[in-house]
Amino acid sequence: MPMNSIRNGKPFLVFGAPLLEDEEVNEVVDSMRTGWLGTGPKVQRFEQAMAAYKGVPYAMALNSCTAALHLSILAAGIGEGDEVITTPMTFCATVNAILHAGATPVLVDIDPSTLNIDPKLIEAKITPRTKALLPVHFAGRSCDMDAITGLARKHGLKLIEDCAHAIETEYKGRKAGTFGDLGCFSFYVTKNVATGEGGMVTTSNEEMASRIKILGLHGMSKDAWKRFSDEGFKHYQVVEAGFKYNMMDLQAAIGIHQLAKVERFWKRRREIWSRYQEAFATLPVDLPSPEEPDTRHAHHLYTIQVEKDRAGISRDAFLDHMTSHGIGVGVHYLALPEHPFYQQTLGWRPEDTPHATRIGRSTVSLPISPKLSDEDVEDVIEAARRGLGG
Ligand SMILES: Cc1ncc(COP(=O)(O)O)c(C=O)c1O
């Protein structure tokens, strides 16, 4: 762990560290004492709380957002020979889930100001094989949902929202994850609601909800997790070859309390966001665009663009500078066509999505966890200013 002048011997500021409090600790201990560690009543409580938060009838907890995306694509009836349109500015899980379902991901470049898929470029990529649109609300900024839902309706496409960054996101008063057929959420350790690993699908479609429940637990008939409960032994039937994607009560124990605090955490991140916007206004870097009117930004990531010509330091040198000053930083994301696997198997080239490529090579995520104290935030600002000559 680097010691440094800015952090004055304080511990390294871990990027995306979750804020876990007594409620989460006590609930996990309660699960351990009762011995019900696996899928059980706390998962059901967490699902009910998420369904209520989103205002949808169905929420299915799984062990990751990757699993949520995979099962959503399958439940939407998408497979071999089908194409799914998505963004290059996302985590690899988004396109891997499409590939795991047997379908082909097709990329549409981003709008360099929102960093979200550019709806104006989507129609040119729609073919007779296109079956779904899979937008990602990057960093918690809502995609242009009027344009995207309009295109889905016009072309008869399914709409699956990757809401890994977007628990609190809203567009014109409506919550992210409720626009399309299915919404997929992540509770990975750095996410706005953290359970370590975890995911959820939200939907208003009963048939898809039921299929996801079954596929998430080996393809066993619904409510198979109750087979060891005090309601008496229940036989189950395997109705298709499913997956081992169920969430544990240990994870839900954390999630129930994290979700109850989602507004408080969001307000703290918004406060840190505003402080950074103000502190970095005169630095030679691009800052996040202001929030679009009539939307609610989830403030999951705070990203700046460090370009050597302007900032006098390369992005990678700036990452090293921050780390050596005790500040954990992230890169969200190198554009997906930069990775050799996609180049080799799908023929993707960085120059085909130029905005995502340029941003992926210059972007840096600064810490914005609600766990940060005011002093931590000032340390981040001080280190960034020194690195950028401010
Ligand atoms: C945009 C996006 N989609 C999907 C995922 C996958 O989530 P998980 O780690 O819960 O599988 C992530 C996680 O980092 C993400 O950021």
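Modeller: On a 1 Å grid over the protein atoms alone, a pocket is an open set of points with protein on both sides within 12 Å along at least five of seven lines. Its volume is the space filled by probe spheres set on the points. The largest pocket here has a volume of about 560 Å³. Lining residues have an atom within 4 Å of a point. There are 38 of them, and the closest to the centre are Ser186, Tyr188, Thr190, Lys191 and His300.

Biologist: What kind of model is this?

Modeller: This is a predicted model, where local features need pLDDT of at least 70, side-chain atom pairs count only at pLDDT 80 or more, and totals for chains, interfaces and linings use all residues. Residues are numbered from 1 along each chain as its sequence is written, and side-chain values use heavy atoms, without hydrogens and water.

Biologist: Which elements give two or more residues to the pocket lining?

Modeller: They are helices H3 (65-75), H4 (92-100) and H8 (262-279). H3 gives the most, with 3 residues. Helices are DSSP runs of H or I, at least four residues; strands are runs of E, at least two; both are numbered from the N terminus. The protein has 13 helices and 12 strands.

Biologist: What makes a lining residue nonpolar, polar or charged?

Modeller: Ala, Val, Leu, Ile, Met, Phe, Trp, Tyr, Cys and Pro count as nonpolar; Asp, Glu, Lys and Arg are charged; the others, Gly among them, are polar. By that rule the lining has 20 nonpolar, 14 polar and 4 charged residues.

Biologist: How do you know which strands pair with E8?

Modeller: Two strands pair if DSSP finds at least two bridges between them. E5 (158-162) and E8 have 3 bridges, in the parallel sense. Asp162 stands opposite Cys184. E8 and E9 (199-203) have 4 bridges and run antiparallel. There Ser186 stands opposite Gly199.

Note on methods
1 Å grid on protein atoms, 1.4 Å probe; cavity = no way out; pocket = protein on both sides within 12 Å on 5 of 7 lines; lining within 4 Å.
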